[in-house]
Amino acid sequence: MVRTRFHAFAAAALVVLGGLLSPSRAHGQSTSTDAAGALFDDSVVHDIRLTISPRDWESLKEHFKENTRYPADLRWRDETVRSIGIRSRGNGSRNGSKPGLKFDINYYTADQRFLGLKNLILRNNTQDASNMRELVSMKFFRHMNIKASRESFARLFVNTIYVGLYTIVEDIDKDFLKKNLDENDGYLYEYDFDEDSRIPYAFEYLGTDPAKYVPMPFKAQTHESDPRGDVIERFIWTINEAGAAAWRQMMSEFLDLTAFMRHLGVENFLAEEDGITGDYGPNNFYLYRFEKKNLFTFMPWDKSNTFWESPEYWIFRNIKDGPEDHRNRLVVRALQYDDLREAYLNTLLECAASAEEGANAAAADGAAAPGWLEREVGTLYELIKAAARSDTIKPFSNDQFEAAITDLKTFAKERSAAVRRMVADERPQR
Amino acid sequence: MLPLLTCLVAALTLGSQPASAADPQAGAQPEAKTEKAKKNEKKPKKEKKAKKKSDKPAPDEGPTATDTDAAPAPAPADQLEPDGKGTRVTWKQHPSFRIGSVFRIDLEAKFQEDLRDTYVGEPDLPRTQLHRNRIGVQGHLFKQIEYEVERELTEKELDAGKTPKSPWKDVNVNLTFVRNAQVKIGKFKIPFGLDQLTGVTHNDFVYRSLGANYLAPARDIGLMVHGSFLKHGLQYWSGVFRHDGDNARSSKIQGGDETFAGRVTGTPFRSLTRGLGEIELGTAVTVSKLSDDSFRPNGLRGRTIMTQHVFYEPVYVKGERRRWEADVDWTVGPASARAEYTWVSDDRRQQGIGDNDLQNARARSWYVSGTWLLTGEAKTRPVKAGGEFLQGGWGALELAARYERLSFDSAGGTDVPFRNPRAETILPAGDRALTLGANWTLNRFVKVQVNGVREQVEDNERNPVPNGAAFWSRVIRLQFVL
């Protein structure tokens, strides 16, 4: 009744006032290009220069746990973009001395772009003494033909002062979707890890209420006002509740399980301790639902905890061991199917082969040449060592940096053989 | 809503009591009331009491020194009944306890409940809201000490997650030892802005104007001297305050610091405009200190009327904040018109990205408004119905309209304009609003207001609706005042 009266009142007022005020105006649209390709060239260390009020920079570091944005001008090579918003970012990597940063290029001006990008992320690598787990991992994902952010290294200068070695990360946003999936009007969710929860969310069914899934743990990045948590609820229900006979057929509406096994295989080859089957429950991925479909796809994110512990990192960690409530329900159930289990193991073997690409060719001095992964680690180390050593704000000593690089090289050299052994152990003798 | 309905029934019942029991003049016929109003207009100089537009205050007509439409604070002696001897409890305007002329305490209550609707996509807006629920006391001790205490109960107006303010509204003492130089101490409204100083239950519209809400300072703690001359033909208020009011502050905005404020009103055309009603002119200034101690911007912000959508974010400021306003208030018979212009300038010393000085941040607002009582009563604030509802009449019905604009920019600047809070040239942002309304005053206690507000946020990127379109907001308010 009230609405009816409201509408009647509004309609009458509109008749009286019709045309009194000006009509709406449209604002400009911008297009995304791949002009950023040079920025993500990982064969050089880039120089990123920020001009920001010194007070704001100190304030950002002091209030690093907040997402307050500050105005700044950004310069890379001859490209300058003014009036961007920068803020502290990250979860466990948030740091008041060497803050992780997000550049919101269009925060103050909606259609502003920098090299075609709306956002840019600068990882501080405060949880990685080597500085390169993230970049090498994402590069390996792409090497395995899985869509992943492009990355490169940068020296960050704030008001001409060098403040540390950072990793430039391509954000997963509509531009990324368009470039990699050729569409971007679907539903993008960032998995939002609940740090306060003692028991992680592991894809178990929480009931019919969509609010149990969105915005936590699935935080909508597109269609924020109508994030369609109901589709995620159906997806999760199917994972957990659909009968065995219909499971594969029903799941095909929501997920390409073979592709998912490939994603999982690459993650676990890289010994990802904080990923889809991480020690703290599932974490560090984006979920995208394609336009006009219920089909989702996973995309990797934040791989700073890869190369974990040793080359012997078990390929079924937190799948066949670990606390029950940490085990990803989707992974556990999918691996009950022989073909999916084979897809997973085959991906691991493929990763092992890719990591060793070129290893058998003899070097000039007669010694065995390193494989692709070991070469990447070595090349990147030579690239960043000067910048990393002169980074006096990093939370690691230079000795720790060197030790971490040594561990990484060892991992890269020995991981393939270790994975092959583990895969062989899992397969029945033929 | 149940307590409100109970109050409503009680109010209608109370309002329908014989006039002699509740209010000797409440049941007067419209014609008689109108005649009396006319008489008052024709012979203003013969009035003995300090009543500007009416000879008897309504329940919510508190003697607030800064309330432009309440009567100037009557001396305690004026409030005494002719037979006011000894200790007694009365209920004429408010429940009241009195001890001769030595002590008086009146209980007051103000309840405003809203049904609201606005553009699609505003999920945070509660469709029903217990908007304002205040209780308080006021009175006097001896003849020269007046006091007032008022507290918000629901805090819906205060916060809603956006603007935390103190639940204490007016908490003050007014000393009347010198009639033309009264001294007020405590928390009360800084004397600035006609619309802001109009009592919350006296307003012609559900929401105050944009300038009153976001540029005028509102309440703060301070000390003020005030008084009147020439039979209230000239009034003044001047004071110093701890900060620059609730409207300049929020959980994230520190607001201004020490503030000086002064306001003067007058009726210079009184002798020239007989028969054309009363025209009162007013002007006010404030000067406040502005610090950049907070790491967040400390400037003013612009928000829409009902949804409080931020269309202009605060900028970094430091130095002084200067406000100036001018207003005119014209009342003639059943009609009234108001207009007000407000200008605010904030220094931005050392607030550039390179610690350089920036051009001042500037905010401006204006409105024009008019009302017409269809039922013929003389316009007062609050309106007094000639024939009260359920007492042989239908109450007073009034139409109202207001057009206004609030805008922000910088006073010059040679750089390209930006929205960022350290921009040398601030990209202009503004909001235009048209409010159409109807007010139905059932009796002394109950009023129903219906408003439709059409807003147009001028910066498309800060517009809460797509494509920079204008949008309507609608509200029905039920008000009960004791």
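This note sets out numbered points on a predicted model with chains A and B.

1. Conventions. Residues are numbered from 1 along each chain as its sequence is written, while chains are lettered from A and ligands numbered from 1 in the order in which they are written. In this predicted model, local features need pLDDT of at least 70, side-chain atom pairs count only at pLDDT 80 or more, and totals for chains, interfaces and linings use all residues, while side-chain values use heavy atoms, leaving out hydrogens and water.

2. Confidence in chain A. The average pLDDT (the predictor's confidence in each residue, from 0 to 100) of chain A is 90, and 90% of its residues score at least 70. Residues 1–6 of chain A have a pLDDT below 50, and this stretch has eight contacts beyond near neighbours in sequence; a contact means heavy atoms within 4.5 Å. Residues 8–32 of chain A also have a pLDDT below 50, with 29 contacts beyond near neighbours in sequence. Where pLDDT is low, the predicted coordinates should not be read in detail.

3. The barrel of chain A. Helices (H or I, at least four residues) and strands (E, at least two) are DSSP runs, numbered from the N terminus. In chain A, seven strands close into a barrel with mixed pairing, in the order β1-β2-β3-β4-β5-β7-β6. From one strand to the next, the twist averages 40°. Two strands pair if DSSP finds at least two bridges between them; strands β1 (residues 45–52) and β6 (residues 151–158) of chain A run parallel and are joined by six bridges. D47(A) has R155(A) in β6(A) as its bridge partner.

4. A helix across the strands. In chain A, helix α3 (residues 133–143) lies across β5 (119–123), β6 and β7 (161–169), and runs at about 150° to β6(A). For such angles, axes are lines fitted to C-alpha atoms, for helices over the stretch in contact, and angles run from 0 to 180 degrees between N-to-C directions.

5. Helix α4 of chain A. Which residues of helix α4 (residues 174–181) of chain A are buried? They are D175(A), F176(A), L177(A) and N180(A), where buried means under 20% relative accessible area, exposed over 50%, and partly exposed in between (1.4 Å probe, protein chains only). Their cover includes β8 (187–191), β10 (285–289) and β11 (296–300) of chain A. The N-terminal end of α4(A) is capped by D173(A), with a side-chain oxygen 3.1 Å from the backbone nitrogen of D175(A). After α4(A) comes D182(A), with a positive phi near 65°.

6. Backbone details to check. M216(A) and P217(A) are joined by a cis peptide bond with omega of about 10°, and P217(A) is in the loop between β8 and β9 (218–220) of chain A. In chain B, a cis peptide bond with omega of about 5° joins R381(B) and P382(B). H223(A) is not a glycine, yet its phi is positive at about 50°; H223(A) is partly exposed because its relative accessible area is 27%. N318(A), also a residue other than glycine, has a positive phi near 65°, and N318(A) counts as buried because its relative accessible area is 5%.

7. Chain B as a whole. Chain B has six helices and 20 strands, and 58% of its 482 residues are buried. Among contacts in chain B with a separation of 6 or more, 64% are between residues 24 or more positions apart.

8. Strand pairing in chain B. Strands β10 (residues 259–266) and β11 (residues 278–290) of chain B pair in the antiparallel sense over eight bridges, and T265(B) has G282(B) as its partner in β11(B). Strand β11(B) is also joined by 13 bridges to strand β14 (residues 319–332) of chain B, and the two run antiparallel. In β14(B), E320(B) is the bridge partner of K289(B).

9. Two loop residues of chain B. T304(B) is in the loop between β12 (302–303) and β13 (310–312) of chain B, and T304(B) counts as buried because its relative accessibility is 0%. The side chains of T304(B) and T307(B) are joined by a polar contact of 2.7 Å; a polar contact is a pair of N or O atoms within 3.5 Å, where within protein one must be able to donate a hydrogen and the other to accept it, and residues adjacent in sequence count only if both atoms are side-chain atoms. K318(B), in the loop between β13 and β14 of chain B, counts as partly exposed because its relative accessibility is 26%. The side chain of K318(B) makes a polar contact of 3.3 Å with the side chain of Q350(B).
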